[in-house]
Amino acid sequence: MKFSIKRSEFLKSLADVQRAISSRTTIPILTGLKIMASEEGLTLTGSDSDISIEAFISQEDEKNNLTIDQAGSIVLQARFFSEIVKKLPDEMMEVEVLDHFQTLITSANASFTVNGLDANNYPHLPVIDTQETFVLPVNLFKQVIGQTVIAISTHESRPILTGVNMVIEHGKLLAVATDSHRLSQRIIPLELNSALADQKYNVIIPGKSLIELSRTLDDSHDNIEMMITENQVLFKMENMLFYSRLLEGYYPDTARLIPETASTEIVFNASSLLGSIERASLLSHEGKNNVVKVSITPDLVEISGNSPDVGNVKEELAYISVEGEPIDLSFNPDYMKDALRTFGQTDIRIKFTSPVRPFILVPSEDDKTFIQLITPVRTF
């Protein structure tokens with residue numbers, strides 16, 4: 001195998017593929033990057049057996065300045081190879097596989113010879129043979145990922161909660177995540193062809209996979225294609241394929257957790273409330289109990305935090321409107337900050353039912369398509 005390429009373009013694809021490569025894998029060859037050269041161009045592959053990413057660099061695209069002198073393939077140690085490519089002196093680089101899988105990397109006056117592995121021993125990527133393709137707008141899907149992954153569980157004791165449950169039916173995609181203390185749910189419309197319109201798809205995608213996928217999505221693409229099989233999901237872009245395994249099992253019925261009535265409702269500006277909670281949590285983080293208290297009456301809305309070792313904080317909150325019964329409750333400020341950041345600068349409505357029941361945050365204009373739910377902390 002032998003090729004030369006513009007280094008900056010090669011590094012872009014290399015960075016995407018490296019997101020799937022882990023140094024902690026139990027399969028040694030998966031710590032490597034697979035490079036395959038053909039008449040059409042270069043294919044880079046990285047995998048940790050949970051996530052696999054394949055990027056294609058076309059020889060026809062002039063900006064790549066790619067010349068394939070000899071087709072072939074090799075697996076190179078990803079970490080070392082990446083560091084070498086980043087530090088090469090010239091804008092052009094050349095890679096040539098010699099005898100016994102030794103690989104020569106040259107650029108201007110610098111040359112490295114590194115040991116490679118036989119690409120025939122690299123595991124094959126899953127074959128996803130399905131005509132059932134969903135087209136998702138990139139910007140909207142990135143938003144859905146960002147708004148839901150904050151609520152996934154980080155504890156492996158309940159693996160199913162480390163994923164985001166995605167349900168596609170009736171022309172909608174519902175994404176929901178919960179760690180049993182909080183929940184985030186987003187619904188977006190989908191354009192489905194007639195063959196898919198009557199079907200229901202219910203999958204659980206690992207949160208880690210979605211976070212890495214979101215990092216590879218850029219605004220140069222309008223849409224991304226999603227294909228589902230029994231235990232894999234494939235996201236397809238122009239020059240990249242992103243595979244992820246699916247989590248097996250049944251996701252809890254989260255619909256019953258969302259309260260349908262409220263005894264107290266209050267409207268805030270999300271970023272203004274976020275600033276107040278950030279100030280209140282400065283002291284709560286120092287105490288044993290990371291708790292902030294809110295007190296709501298028709299005339300006064302107040303937030304307070306108390307750490308016996310450091311001191312206390314109290315702040316009167318600016319709000320847009322309040323209605324319903326007075327209420328006092330405590331909550332984890334970190335959960336609240338995560339939730340508020342997903343709303344940006346918009347106005348939000350918070351609906352309380354009781355001091356010990358979960359409360360929800362929704363956009364003030366639309367309380368159906370996006371819901372954040374937080375369980376209060378009992379302090380008595």
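Trainee: In β23, which residue is the bridge partner of Ser-295?

Mentor: Please keep in mind that this is a predicted model. Strand β19 covers residues 292-296 and pairs with β23 in the antiparallel sense over five bridges. Within β23, the bridge partner of Ser-295 is Asp-328.

Trainee: What is the order of the strands in the open sheet of four strands?

Mentor: Strands of a sheet pair through backbone hydrogen bonds, either parallel or antiparallel. In this open sheet the pairing is antiparallel, and the order is β21-β20-β19-β23.

Trainee: Which strands stand at the edges, and why is one side of each left without a neighbour in the sheet?

Mentor: An edge strand here has a single partner strand, so one side is left without a neighbour in the sheet. This applies to two strands, β21 (311-316) and β23 (327-331).

Trainee: What does the twist average from one strand to the next, and which helix packs on the sheet?

Mentor: From one strand to the next, the twist averages 15°. The helix on this sheet touches β19, β20 (301-307), β21 and β23. Its direction makes about 165° with that of β21, and the helix is α6 (residues 270-284).

Trainee: Is Ser-209 buried or exposed?

Mentor: Ser-209 lies in helix α5, residues 207-216. Leaving aside residues up to four places away in sequence, Ser-209 touches Ile-51, Phe-242 and Ser-244. A residue counts as buried under 20% relative accessible area. Because its relative accessibility is 3%, Ser-209 counts as buried.

Trainee: With which side chain does the side chain of Ser-209 make a polar contact?

Mentor: The partner is among the residues that Ser-209 touches. At 2.8 Å, the polar contact is with the side chain of Ser-244.

Trainee: With which side chain does the side chain of Thr-31 make a polar contact?

Mentor: Thr-31 is placed in the loop between α1 (7-18) and β2 (32-37). Its relative accessibility is 17%, so Thr-31 counts as buried. Residues that Thr-31 touches, not counting those up to four places away in sequence, include Ile-21, Thr-25 and Ala-78. The polar contact, at 3.4 Å, is with the side chain of Gln-77.

Trainee: Which residue caps the N-terminal end of α7?

Mentor: Helix α7 covers residues 333-341, and its buried residues include Pro-333, Tyr-335 and Leu-340. At the N-terminal end, a side-chain oxygen of the capping residue lies 2.8 Å from the backbone nitrogen of Asp-334. The capping residue is Asn-332.

Notes
Residues are numbered from 1 along each chain as its sequence is written. This is a predicted model: local features need pLDDT of at least 70, side-chain atom pairs count only at pLDDT 80 or more; totals for chains, interfaces and linings use all residues. Side-chain values use heavy atoms; hydrogens and water are left out. Buried means under 20% relative accessible area, exposed over 50%, partly exposed in between (1.4 Å probe, protein chains only). A polar contact is a pair of N or O atoms within 3.5 Å; within protein, one must be able to donate a hydrogen and the other to accept it, and residues adjacent in sequence count only if both atoms are side-chain atoms. Contact means heavy atoms within 4.5 Å. Two strands pair if DSSP finds at least two bridges between them. Axes are lines fitted to C-alpha atoms, for helices over the stretch in contact, and angles run from 0 to 180 degrees between N-to-C directions.
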